[in-house]
Amino acid sequence: MMLIVTHVFKPLNLGTLYNDKFHRYKLRLAAMKKANKLSDTDLCVMCGMCLPQCPTYQLYQTETESPRGRVALMQAINQQKININSKALLHIDHCLGCLNCETICPSRVPYGQLIDEFRNQYNQSVRKPWLTKLILKQAAKPDGLHALTSIINKPVLKQLIKLGSTFTDLPKNTLTVEPTHLKSFYAGTYNSQEECRGEVSLFTGCIGKSSDYRSIKDATFILNQLGFDVNIPEQQTCCGAMHQHNGQLETAKTLLNKNRAQLEQQKSSVILFFSPACGASLKQAENIAIKDARTFILEALRHQPLNFSTQKQPVALHESCSHRNMLRLKTLNTELLNCIPGIQIIESSDPSLCCGAGGLQSINYPQQAQALLQGKLKSFDLMQTNIFISDNIGCSLHIKTAITGYNPDIKVMHPISYLASQLISNEKK
Ligand code: SF4
Ligand code: SF4
């Protein structure tokens, strides 16, 4: 009798029935969400608060070049209310990914995710310059961008690039590379001569070895002075940020996984990054103990202050959009620079204005990028200083294409490099 009761009532167990239904509902919802990742465009209430914050809206003064306009276009294309057309795609593709709009939006529209996803789905319809395609391809290989910049450094190819630039509106020195003799300082472990306080690894990414070489060398020097051994792993690849923002989400994911696998093998307790754009991208990977090199150095200096020479000349400070809107480390650069006695910082009169680099937008849309850069440079009083501090390699390379027009003697430096240049030490370079 008992057996019959169990047999009859088992299928009517309401708990199981509810759980099964709920589970199926959850699976269906997840599948729908996956199938339509652009549905978050519906969150936009069209309030327009983001418009004055948007650099492209400021430049073009049209709704289609604003965050609200782009959200509406993405929504209309996604819901097939309008046909995909090159004009609409171009307006959306002009976006710099600065995320000024996301920080002000009261509806919390996840604009950064939306634009990346939209580009991933529709970017095959947008024509990209040959140089963008080449950079993305090379950056996906270990040391690939380093190889590319080394080749570009050859005189014949430099001439060809200059010639190519004439046809593509690219500024002549778009791919600035460090002199080759500096390249002997690279992968390996650099031990501190001080009492050892631990070991850190440096994430140099794809371009660091060639074009941000100075920052790596200066960070190693200052970390050694603070008592840390520095390990620079070999064969590093791009963090994936450039691919993520140029419609190649799968490649970006693969690169993130490769970096995670490589960085997990390091015996150091922490991995430091220099570029806020790389940092924002690496932070998406779980289980990697990564930290901004500036934060780490600032914390170490609080425990063990070093001597810096007193400054009489002010310095200009440009903070990248990735620093402000992705990492949101508001006061970090000024706190770090304030370790130097007497420092005076010249700020931009419009700090939230993007310099126009926007990942590879300086190559994709050079005229737009240069127009924004001119606006940004004019927002500083550059005749007061010969030092321009910029925290992100992408911005720095772009800024170098025009800054000497405002002050021929000015030097563009990473904040850590500037700090290292002011350190009073017996071992100073
Ligand atoms: S990310 Fe920047 S450029 Fe793009 S829509 Fe938002 S504010 Fe404008
Ligand atoms: S601020 Fe947000 S909700 Fe308002 S228009 Fe812009 S994206 Fe839409």
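A residue counts as near a molecule if one of its heavy atoms lies within 4 Å of that molecule. The views below show a predicted model, where local features need pLDDT of at least 70, side-chain atom pairs count only at pLDDT 80 or more, and totals for chains, interfaces and linings use all residues. Residues are numbered from 1 along each chain as its sequence is written, chains are lettered from A and ligands numbered from 1 in the order in which they are written, and side-chain values use heavy atoms, with hydrogens and water left out.

**View 1. The shell around ligand 1.** Ligand 1 has these residues around it: Cys-54, Pro-55, Pro-67, Arg-70, Cys-95, Leu-96, Gly-97, Cys-98, Leu-99, Asn-100, Cys-101 and Tyr-111. Two elements, α4 and α6, each give two or more residues to this shell. Helices here are DSSP runs (H or I, at least four residues), numbered from the N terminus. By class, the shell has nine nonpolar, two polar and one charged residues. Nonpolar means Ala, Val, Leu, Ile, Met, Phe, Trp, Tyr, Cys and Pro; charged means Asp, Glu, Lys and Arg; the others, Gly among them, are polar.

**View 2. The second largest cavity.** A cavity is a set of points, on a 1 Å grid over the protein atoms alone, where a 1.4 Å probe fits but cannot get out; lining residues have an atom within 4 Å of a point. This cavity has a volume of about 80 Å³. Grid points are joined across faces, edges and corners, and the volume is the space filled by probe spheres set on the points. The lining includes Thr-56 and Tyr-111. Both α3 (55-60) and α4 give two or more residues to it. Ligand 1 sits in this cavity: more than half of the atoms of a sitting molecule lie within 2 Å of the grid points.

**View 3. The largest cavity.** The model has three cavities of 30 Å³ or more. The largest has a volume of about 140 Å³. Its lining counts 17 residues, and Cys-44, Cys-50, Pro-67, Cys-105 and Val-109 lie nearest the centre. Helix α4 gives the largest share, three residues. By class, the lining has 13 nonpolar, two polar and two charged residues.

**View 4. The shell around ligand 2.** Which cavity does ligand 2 sit in? Ligand 2 sits in the largest cavity. Among the residues that surround ligand 2 are Cys-44, Cys-47, Cys-50, Arg-68 and Cys-105. The shell has eight nonpolar, two polar and one charged residues.

Technical notes. On a 1 Å grid over the protein atoms alone, a cavity is a set of points where a 1.4 Å probe fits but cannot get out, and a pocket is an open set with protein on both sides within 12 Å along at least five of seven lines; lining residues have an atom within 4 Å of a point.
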